[in-house]
Amino acid sequence: MTKQEVVTFLEKIKANYQSFSQEGYVLNEWYERLKDYDKEDVYKKFEEHLKGDLGSQIPKIHFITKYLIKSSEKGNQNNYKVLCPNCKKVLSLKDYEAHIERHNSIEYMKLHSKMFTILNEEKLLKMPEVLFKEKYDEFIEKLCEVLMSKEEKTQSEKEEFQRLQNYVYSKAGMPISIN
Ligand SMILES: [Zn+2]
């Protein structure tokens, strides 16, 4: 935060807590402690304080900065890399979850690999999300049809069919069955 931003912030505190002092030394202290953080984060934390258990008390600087990430460290957080345990690909943290989900979907497709002329795992993994989703949904619908046409279903096939049908229905915005 800039010094001017801290001045404005202290005015906001004053507006909520009349006994809060904005004297020069207070400003300098708060500025020293807040200058490394982003304005948005500080304001958000202050709002939390207002709504929290200690909302009747003037917030301590310590509370405001607790758990906040410094502006200079935010870049590093985005650059944080993780290794996929499945394919050993190096990913940024924000892509990790979607990547693992993709693996899981492909694993499921592999279980029914007889439904594919060719199942190119590598290609499926690299495919853009929209395209993969389309392919995956096609596969689910096909699998759903295969299971439906099967006269004698085992218990697990029945359950699987139910799950698949729910997936198809929920995509179409239709009510799903819980059993
Ligand atoms: Zn992977």
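**View 1. Where helix 1 meets helix 2 in this predicted model.** From helix 1, K3, V6, V7 and L10 touch L27, W30, Y31 and L34 of helix 2; contact here requires C-beta atoms, placed from the backbone, within 7 Å. The residues of this contact comprise seven nonpolar, no polar and one charged, with Ala, Val, Leu, Ile, Met, Phe, Trp, Tyr, Cys and Pro counted as nonpolar, Asp, Glu, Lys and Arg as charged, and the others, Gly among them, as polar. Residue numbers start from 1 along each chain as its sequence is written. Local features need pLDDT of at least 70 and side-chain atom pairs pLDDT 80 or more, while totals for chains, interfaces and linings use all residues.

**View 2. The crossing of helix 1 and helix 2.** The axes of helix 1 (residues 3–16) and helix 2 (residues 24–34) come within 10 Å and cross at roughly 115 degrees. These axes are lines fitted to C-alpha atoms over the stretch in contact, with angles from 0 to 180 degrees between N-to-C directions. The crossing is right-handed, meaning that the near helix is turned clockwise from the far one by less than a right angle.

**View 3. Helix 9 and the glycine after it.** Helix 9 (residues 155–171) has 17 residues and spans 25 Å from first to last C-alpha, close to the 24 Å expected from 1.5 Å times one less than its number of residues. G173 follows, with a positive phi near 75 degrees.

Notes:
Helix = DSSP H or I, 4+ residues; strand = E, 2+ residues; numbered from the N terminus. Contact = placed C-beta atoms within 7 Å.
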